[in-house]
Amino acid sequence: MCSLVDGVSASDMEKFLCDRLLDPTQPISERFRALFSLRNLKGPAPRNALIQATRDSSNLLAHEAAFALGQMQDAEAIPALEVVLNDLSLHPIVRHEAAEALGAIGLESNIPLLKNSLVLDPAPEVRETCELALQRIEELKSNGSNDKSSMTEKSPFLSVDPAAPASSHSSVDKLREVLLDEARGMYERYSALFALRNHGGEEAVSAIIDSLGAKSALLKHEVAYVLGQLQNKAASAALSSILRNETEHPMVRHEAAEALGSIADDQSVALLEEFARDPEPIVSQSCEVALSMLEFERAGKSFEFLFMQTPVVH
């Protein structure tokens, strides 16, 4: 049996991670450490633990487990993700992530599932996610490729993005125009967003920050996620404003909190400490996880129990 960490066997480490993820008595940050580690593993045990976690009482953990299953692009998770997507008793943030995961897996067989929720789900953020996922699958199909990594390779951030970036030949001004245009389709705006992210630079970051004023909570949460990936301090004020806004959708505030943890200037850290006591658990737990990740980073340690690559947090 191969060893992974300090002489611990692979099977023992896997069991430890699964148990830690599913143990509700553990701090949320410890459970996230296990989740990020399990996402780097293959096989039924990690998959089943993550599937079970999509039903956790913590909506934050449940949504991250669904996101992880999508990033892993494991087709064996599709039946469980379908059940999550169709369960209207679950928080919209969890159903949204199940829909995004089905799009990330990218199989044509997922199209009927997504079309069903596109019509029937009462939450606009879930319906918009289904729209994105359907277009992602159609784009893979039109490219004549079943290679699920083909869109991943375009991301310098190791993430399986819900939309392919717009053409690299598009100017920043044109991409900004598309991103800020409320009349455009969600997939087109997402494509502009990821193209601006990949472009980088002051003008691109400024355009992304301006799009935090969008009407769609789904788009705003992805914008905050992208700003966390970019770790640009120019976004701190806008992200802080979102975190402070108690009328904002929890999924947007959650992404703003995690982005501030990535930026990690003194003001951001102080704000995370303040809102770790927020009455909305999705927000308070996001702050707690972000602070824990930052603590490990500053100590020069890996947040993951089993480090294989930088975790993509959503």
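The model is predicted: local features need pLDDT of at least 70, side-chain atom pairs count only at pLDDT 80 or more, and totals for chains, interfaces and linings use all residues. Residues are numbered from 1 along each chain as its sequence is written, and side-chain values use heavy atoms, with hydrogens and water left out. The domain assignment gives domain 1 (8–139) and domain 2 (169–300), with bounds that come from an automatic or database domain assignment.

**Annotated binding site**

- An unreviewed UniProt entry places the feature "binding site" at H221, E222, H254 and E255; UniProt positions are given in the numbering used here, feature names are shortened, and annotations may be inferred rather than shown by experiment.
- These residues span 35 residues in sequence, yet no two of their C-alpha atoms are more than 10.8 Å apart, so they gather at one spot.
- H221 lies in helix α12 (residues 217–230), and H254 in helix α14 (residues 250–263); helices (H or I, at least four residues) are DSSP runs, numbered from the N terminus.
- H221 is buried, with a relative accessible area of 1%, and H254 is likewise buried, with a relative accessible area of 1%. Buried means under 20% relative accessible area, exposed over 50%, and partly exposed in between (1.4 Å probe, protein chains only).

**Surroundings of the two histidines**

- Leaving aside neighbours within four places in sequence, H221 is in contact (heavy atoms within 4.5 Å) with H96, Y190, M251, V252, E255 and H314.
- With neighbours within four places in sequence again left aside, H254 is in contact with L60, H63, I93, I282, S286 and H314.
- A polar contact of 3.3 Å joins the side chain of H254 to the side chain of E255. The term denotes a pair of N or O atoms within 3.5 Å; within protein, one must be able to donate a hydrogen and the other to accept it, and residues adjacent in sequence count only if both atoms are side-chain atoms.

**Interface of domain 1 and domain 2**

- The centres of domain 1 and domain 2, taken over C-alpha atoms, are separated by 21 Å.
- In domain 1, 23 residues are in contact with 20 residues of domain 2.
- The two domains bury about 1900 Å² between them, 68% of it on carbon and sulfur atoms; buried area is the accessible area (1.4 Å probe) that two parts lose on being put together, summed over both.
- Zero salt bridges are found across this interface, a salt bridge being a side-chain nitrogen of Lys or Arg within 4 Å of a carboxyl oxygen of Asp or Glu.
- Seven residue pairs in polar contact are found across the interface (both at pLDDT 80 or more).
- On the side of domain 1 that touches domain 2, α2 (28–38), α4 (59–72), α6 (92–105) and α8 (124–142) each supply at least two residues. Helix α8 gives the most to that side, with eight residues.

**Loop residues**

- G185 is located in the loop between α9 (172–180) and α10 (186–199) and is partly exposed, with a relative accessible area of 31%.
- L158, in the loop between α8 and α9, has a phi near 65 degrees, a positive value in a residue other than glycine. L158 counts as partly exposed at 48% relative accessibility.
- Q231, in the loop between α12 and α13 (236–244), has a positive phi of about 55 degrees although it is not a glycine. Q231 counts as partly exposed at 44% relative accessibility.
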